[in-house]
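Good morning, colleagues. Please have the sequence and the model open before you while I speak.

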Amino acid sequence: MTSEARLTLQQLLQYGIRLAEENQPEAARPFFAKVLEREPGNIPALMWLAGLGETSADSYAYITRALTVDPHNDRAHTAIRWNHWREQDDKLLAAGFGPSG
């Protein structure tokens, strides 16, 4: 048994959160993914992965999973709106309307 297997869900979440807050999304994602392997409906892990999504589609997939678990989750509903604006920003950037200089 590896030391990772002995980590609790809370420890995995805390490590992932710490890495995300230190602007290390690539390092944080596996900790949240491990939480979801053990508990697929874990809202905090789903929401952190939504925030760390590389694309708006990735984020949307995690947000919708969270809403499937808890359709009344206020944070997930707020994230849907955030992700919509993120998607619009991505489209504008792709069309060449990014910030200048």
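First, the basis of the description. This is a predicted model, in which local features need pLDDT of at least 70 and side-chain atom pairs count only at pLDDT 80 or more, while totals for chains, interfaces and linings use all residues. Residues are numbered from 1 along each chain as its sequence is written, and side-chain values use heavy atoms, with hydrogens and water left out.

Let me begin with helix H3, residues 43-51, and helix H4, residues 56-69. Helices here are DSSP runs of H or I with at least four residues, numbered from the N terminus. The axes of H3 and H4 come within 8 Å and cross at roughly 160°; axes are lines fitted to C-alpha atoms over the stretch in contact, and angles run from 0 to 180 degrees between N-to-C directions. H3 and H4 are therefore roughly antiparallel, a term for angles over 145 degrees, whereas those under 35 degrees count as roughly parallel. The crossing of H3 and H4 is left-handed, meaning that the near helix is turned anticlockwise from the far one by less than a right angle.

Which residues make this contact? H3 contributes Ile-43, Leu-46, Met-47, Leu-49 and Ala-50, and H4 contributes Ser-59, Tyr-62, Ile-63, Arg-65, Ala-66 and Val-69; contact means heavy atoms within 4.5 Å. By class, the contact of H3 with H4 has nine nonpolar, one polar and one charged residues. In this scheme Ala, Val, Leu, Ile, Met, Phe, Trp, Tyr, Cys and Pro count as nonpolar, Asp, Glu, Lys and Arg as charged, and the others, Gly among them, as polar.

H3 also packs with helix H1, residues 9-21, at an angle of about 20°, the axes being 11 Å apart. H1 and H3 are therefore roughly parallel, and their crossing is left-handed. On the H1 side we find Leu-13, Ile-17, Ala-20 and Glu-21, which meet Pro-44, Ala-45 and Trp-48 of H3. The contact of H1 with H3 has six nonpolar, no polar and one charged residues.

I turn now to the aromatic rings. A search of the whole structure finds two aromatic pairs, where rings of Phe, Tyr and Trp (its six-membered ring) pair if their centres lie within 6.5 Å, with planes under 30 degrees apart counted as stacked, over 60 as edge-to-face and the rest as tilted. Tyr-15 and Phe-31 form a tilted pair, 5.7 Å centre to centre with 50° between the planes. Tyr-15 lies in H1 and Phe-31 in helix H2, residues 25-38, so this pair ties together parts that are 16 residues apart in sequence.

How are the rings of Phe-32 and Trp-48 arranged? Their centres are 5.8 Å apart and their planes at 5°, so the pair is stacked. Phe-32 in H2 and Trp-48 in H3 are 16 residues apart. Phe-32 is buried at 0% relative accessible area, while Trp-48 is partly exposed at 22%; buried means under 20%, exposed over 50%, and partly exposed in between, with a 1.4 Å probe and protein chains only.

Two residues remain. Lys-34, in H2, is 18 residues from Gly-16 in sequence and 9.9 Å from it in space, C-alpha to C-alpha. Asn-23 lies in the loop between H1 and H2 and is exposed, at 65%. Asn-23 has a positive phi of about 60° although it is not a glycine.

Methods
Helix = DSSP H or I, 4+ residues; strand = E, 2+ residues; numbered from the N terminus. Parallel < 35°, antiparallel > 145°, perpendicular 65-115°, else oblique.
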